[in-house]
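Look at the structure below with the text beside it. The paragraphs go through domains, confidence, an interface and a helix pair in turn.

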Amino acid sequence: MSELPPKSSVKRWLVTTNHKDIGILYTVTALFFLVFGGILALLIRAQLWGDLGDGRLMSGLAYNEAVTAHGLVMVFWFLSPFAFAFANYLVPLQIGADDLAFPRLNALSFWLYAFSGVLLGISFFQGGTLDAGWTIYAPLNLPAYTPSIGSTTAILALFMFVVGVTASTMNFLVTIHHSRAEGMGLMDMPLFTWSILLTVWMMLFAFATLLAVGLILASDRIFGSLFFDATTEGGSLLWGHLFWFFGHPEVYIVFFPALGVMFEVFQSFSGRRIVGRKWVIAALILIAVQSFLVWMHHMFLTTINLEIKTLMMALTIGISLPFDLIVFALIYTLIKGRIRYTTPFLYSFGALFFIVVGGITGVFLGAIVLDYEFRGTYWVVAHFHYIMFGGATALFGGLYYWFPKMTGRMYNELWGKLQFAVFFVGFNLVYFSMFAAWETPRRVFEYVEAMTPIHRVGTVGAFILAFSFLMMFYIFAHALRHGEKVGDNPWDYTRTTEWAVPSPPPLENWEGRPSFEGGSLNFVSKATDGGHASAHDHEGHADHASIWPFAISVSMLVLLLGLSGLTVWNGREITGVSTGYAAVTAIGTVAFLGSMLQFGREGFSAPQPAVAERWPFEGMDKNKLGTWFFIASDIMVFGAFITAAIFIRFEAGWTTWQPVTDSIYGLVNTFILLTSSFAVVLALVYARRGSKKGTMAAIGATMFLGLSFMAVKAVEWHEKFFIDGVSWATNVQYTTYFMTTGLHALHVLLGLMIAAWLIFRTKEGAYMDDDRPIELFGIYWHFVDIVWVFLFPLFYLF
Amino acid sequence: MHRTTETVNAVFQPMAHAGQEGWQAQAEVFWEVFSVFAAVGILVGVVVVAYMMYNVYKYRDSEDASGEVESVEVGELPRDAMSKKSKKLFVSLALSAVIVIVLVVYAYTALLYVEAGPEVEEDAEMHVHVEGYQFGWDFEYENGHVEAGTMRIPENTVVRVTVTSRDVWHNFGISELRVKADSIPGQTAETWISAEEGEYLIECFELCGDAHSQMVATLDVMEEDEFEEWYEGTNPEDETEEAEG
Amino acid sequence: MASVKKYAAIYVVLLVLAAGKFVFFELDQVFGYWDAFTGVMALAVAKTALIMWYYQHLNEEPRSITYLVLGSYFLVLLLAAAATFSITSGVY
């Protein structure tokens with residue numbers, strides 16, 4: 001709740017929660033990771049050059065680490081965050097909002113991202129980072145094959161990153177569905193915001209799955225559970241399914257924002273409206289939905305059956321058609337325009353070229369019979385670089401496009417064009433050469449002799465590409481100091497509202513309340529705001545600073561670092577616990593819980609706009625909407641665990657398994673949880689009646705029942721561990737039982753902590769006129785109950 | 001399934017180069033399909049890119065520009081462009097849909113052929129079981145003989161190959177013959193080979209550990225008689241005796 | 001917000017449904033394994049619907065929230081069903 005220091009102060013950047021500051025932090029951090037991933041790419045290309053006089057540059061292991069880290073860094077720590085740098089900066093401006101719906105949560109997302117990257121960096125110094133490829137196939141991802149502590153740390157870094165992303169996803173979903181200025185219907189949103197909206201919708205489901213995958217893998221690596229070790233029960237294929245269920249939507253998640261930039265840039269620099277705007281939006285929606293229906297096309301060569309392959313092939317081809325429409329719409333937009341060849345336009349046009357090449361070569365991969373041969377070769381590498389780096393190309397265009405808005409200064413246009421030319425040449429040399437050398441297996445550096453000249457061309461191209469980035473950084477650095485100052489709108493023919501405010505925009509974005517009633521932006525001044533005046537006055541006290549997002553992220557880094565080496569492995573089994581790492585874990589846990597508590601106690605005001613477009617969630621409070629998005633993603637997390645249990649049991653032979661535990665425990669706990677659900681409902685009833693005692697008693701009853709649930713669970717697990725002598729490491733059936741019900745127990749525990757907090761606050765007199773927190777807790781608690789409704793039969797009856 | 005295969009064979013047989021038995025090796029199927037895709041792909045690519053370049057040049061902003069800008073103001077809500085271009089959009093989309101769907105249906109018939117393998121009499125086939133491990137390949141023959149590093153098969157014979165792994169996920173691939181199968185622990189994938197006499201490189205196409213780059217083996221396709229002679233000499237029981245002696 | 005009476009009635013129904021699940025598997029002379037399986041799943045879905053609709057107050061929220069949650073459940077079902085189907089030997 002502290003004051004926001006000026007931009008020249010370092011402290012400002014640690015405490016800020018303002019979306020534009022966060023956008024700049026994302027930009028700088030993402031570009032840092034571009035350099036990090038880029039240097040790894042240059043190492044890879046140097047290795048591919050061949051013998052450097054006295055052998056290769058790197059050992060096989062080091063090469064695999066470089067390949068893995070390059071993929072992880074570029075996909076997770078560069079591409080998405082770079083896109084979300086623009087999303088942070090521009091979405092609130094484009095929809096006429098003051099900030100994101102949850103500014104402090106937004107800062108938390110950023111710091112989790114930044115420190116997860118630091119954690120990944122640390123992993124290099126813990127006996128080497130992960131070396132299993134960015135697809136992290138099982139069982140190579142287990143300590144038996146990738147024993148370094150750094151490998152575990154890399155997985156945990158990915159997990160931490162995903163936690164931040166999940167928070168960010170909910171934040172953007174609520175913002176776009178809850179804070180659009182008056183008159184801006186969903187269909188009226190700029191196409192960049194549309195692309196971000198669809199991106200976060202995909203992220204909601206896809207990243208929740210990845211979160212579960214991260215949890216499962218971390219549990220295998222740290223606690224010795226056996227999900228991916230169960231190769232006879234399909235553990236390897238399970239990884240394929242879970243990873244690609246996330247992984248395919250991920251391709252569009254990184255690609256959609258790039259399309260969004262291209263739509264804006266094409267319109268601004270051709271002076272024409274996008275052709276078939278509503279069809280373009282329809283195509284984007286179609287792709288977003290279909291992205292969840294094609295994941296097995298990454299698994300054509302595995303042992304999945306022909307029927308499902310055929311279905312996935314048909315759906316894959318289906319998904320290429322809306323993309324065709326988008327490409328044609330972009331091309332036709334140029335016709336009859338007056339196209340100005342500015343750097344942002346050249347980048348976007350270049351991106352379109354890359355996407356055409358990547359798209360056509362992708363059709364080859366969609367044909368299974370060709371995919372059989374392309375699988376694992378440089379054809380795939382070339383194809384997805386044309387698509388994904390092609391997307392990044394548009395994002396660089398976006399950086400040039402919005403640079404004057406974000407900094408208030410213009411870059412040197414001639415240098416920008418030159419830089420693009422070098423970039424374009426370098427790009428094609430690296431990636432087109434890969435098509436020529438396509439028979440080379442991926443991630444291999446000892447290839448057939450005849451391919452040497454082609455790979456060398458690629459290596460030369462990579463260094464040219466790298467040089468173009470040095471040029472870009474110089475151009476921006478120069479512009480920051482000496483660039484010409486710009487006004488609100490340095491480009492002609494722009495239309496989106498970020499160009500209607502000064503460059504850079506003031507902290508609060510708008511003077512007066514933006515409204516789009518009547519078809520274009522106007523401002524309702526405070527004096528004339530009539531009935532809404534009081535609501536708007538209330539908004540004047542929005543907070544912009546908090547140190548706790550930073551503190552939570554640092555302590556989470558410490559906690560995860562401790563976990564990474566907590567258990568000591570001996571090839572296949574856990575042999576002990578490392579005291580040093582245990583101490584780090586303990587410190588991290590205390591610091592984490594402490595800073596979370598402070599985060600909760602801090603009074604941080606981020607009022608929701610009184611007047612806003614909220615379709616299709618009208619009349620909802622932003623916190624409740626956020627809670628429901630959280631529930632939707634938590635369903636996916638449990639869904640992945642349940643899928644794992646079902647898949648493994650099915651491969652093992654469904655009816656050959658009997659429940660491993662007495663069903664009476666499950667039944668008793670079912671009744672306990674149902675009763676606690678009833679108690680939570682009563683708490684809300686009493687809160688609405690204004691009865692402090694009744695509310696406290698009802699939440700108290702909920703807590704008592706929750707604790708009883710845990711007690712029954714303790715008896716049950718005690719029997720398993722100490723009487724039967726089994727644990728999750730006994731066999732994969734016990735793994736699915738312990739880990740799935742264990743995850744549920746963790747949810748109960750979290751619920752109990754929140755309940756304790758609520759009782760404490762109720763005692764202080766809170767919630768008597770605002771019972772919303774009790775309602776939100778209820779929604780969460782009922783969800784935990786619902787999960788048990790399915791876990792009970794799955795592990796106690798079937 | 002059976003019927004479909006027959007139809008597919010009917011399509012592919014006339015084109016079979018290996019005439020005498022009336023089936024095509026995977027490399028030939030691949031080459032045919034790839035050529036068609038490459039021809040269409042390059043044609044479409046060139047047309048699209050040329051059209052892009054033509055328009056971006058034609059409608060460039062200059063003194064005598066032929067295009068014009070639509071009047072817009074900052075902050076106006078977007079409207080759909082009113083033009084005939086939307087119609088054009090759907091014509092192009094339909095055209096691309098036809099091209100893509102025709103290509104894929106064509107490729108799918110080839111897939112069914114490859115999935116089923118060519119129809120030959122049972123006794124004409126032989127079977128080799130491949131097991132990948134960090135970092136090499138074991139080849140097990142029907143008589144129980146196991147050999148690492150070199151896979152030997154007779155020329156122009158359909159060899160059924162089953163592939164699995166002892167440890168991590170590998171991928172068994174022979175680029176020249178366009179043969180590939182995932183080598184997954186706990187799973188058995190199937191493919192088939194038929195090749196001319198010669199030596200071919202077997203590589204691993206899935207990252208499997210630090211010596212992934214060196215995980216190679218040789219496929220030795222031998223003359224029929226030569227192979228028979230070699231195969232006769234590989235009695236697994238003899239091998240154990242030798243080892244003991 | 002419904003009345004306490006209504007909440008209590010739903011609670012009783014939920015208890016009965018929960019007990020029903022157990023009974024399906026206790027009476028194994030009456031129900032075969034897959035009958036019991038199907039029955040239990042039906043009861044689970046019914047319970048979930050009751051809890052969501054009345055306790056989580058989906059009946060009072062915009063319908064879109066219901067669709068959101070159903071979307072999540074559908075994707076889980078899709079993932080589990082398609083992944084499991086993919087390792088069967090197919091329908092042929």
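Predicted model: local features only at pLDDT ≥ 70, side-chain atom pairs only at ≥ 80, totals over all residues.

**Domains, confidence and contacts**

In chain B, the domain assignment gives domain 1, made of 2-61 + 84-116, and domain 2, covering 122-244. The two domains touch through five residues of domain 1 of chain B and six residues of domain 2 of chain B. On the domain 1 side of this contact, four residues are nonpolar, one is polar and none is charged.

The mean pLDDT of chain B is 85, with 83% of its residues at 70 or more. Where in chain B is confidence lowest, and where is it highest? The lowest mean, 39, belongs to helix 1 of chain B (residues 2-12), and the highest, 97, to strand 2 of chain B (residues 136-140). Across residues 1-21 of chain B the pLDDT is below 50, and the model gives this stretch 24 contacts beyond near neighbours in sequence. Residues 241-245 of chain B also have pLDDT under 50. For residues 241-245 of chain B, the model has zero contacts beyond four places in sequence.

The next contact is between chains. Chain C contributes 41 residues to its contact with chain A, and chain A contributes 49. On the chain C side, the elements giving two or more residues are helix 1 (4-26), helix 2 (33-55) and helix 3 (63-86) of chain C. Helix 3 of chain C supplies the largest share of that side, 15 residues. Sorted by class, the side of chain C that touches chain A holds 29 nonpolar, nine polar and three charged residues.

Within chain A, one helix pair can be followed in detail. Two packed helices are described by the angle between their axes and the distance between the axes. For helix 4 (residues 103-123) and helix 5 (residues 149-178) of chain A, the axes come within 8 Å and cross at roughly 165°. Helix 4 of chain A is therefore roughly antiparallel to helix 5 of chain A, since angles over 145 degrees count as roughly antiparallel. The crossing of helix 4 and helix 5 of chain A is left-handed.

Which residues make this contact? From helix 4 of chain A they include A:Leu105, A:Leu108, A:Leu112 and A:Tyr113, and from helix 5 of chain A they include A:Ala154, A:Ala157, A:Met160 and A:Phe161. By class, the contact between helix 4 and helix 5 of chain A has 14 nonpolar, nine polar and no charged residues.

Note on methods
Residues numbered from 1 in each chain as written. Chains lettered and ligands numbered in written order. Contact = placed C-beta atoms within 7 Å. Helix = DSSP H or I, 4+ residues; strand = E, 2+ residues; numbered from the N terminus. Nonpolar A, V, L, I, M, F, W, Y, C, P; charged D, E, K, R; others polar. Domains from an automatic or database assignment. pLDDT = per-residue confidence, 0-100. Axes fitted to C-alpha atoms, helices over the stretch in contact; angles between N-to-C directions. Parallel < 35°, antiparallel > 145°, perpendicular 65-115°, else oblique. Left-handed = near helix turned anticlockwise from the far one by under 90°.
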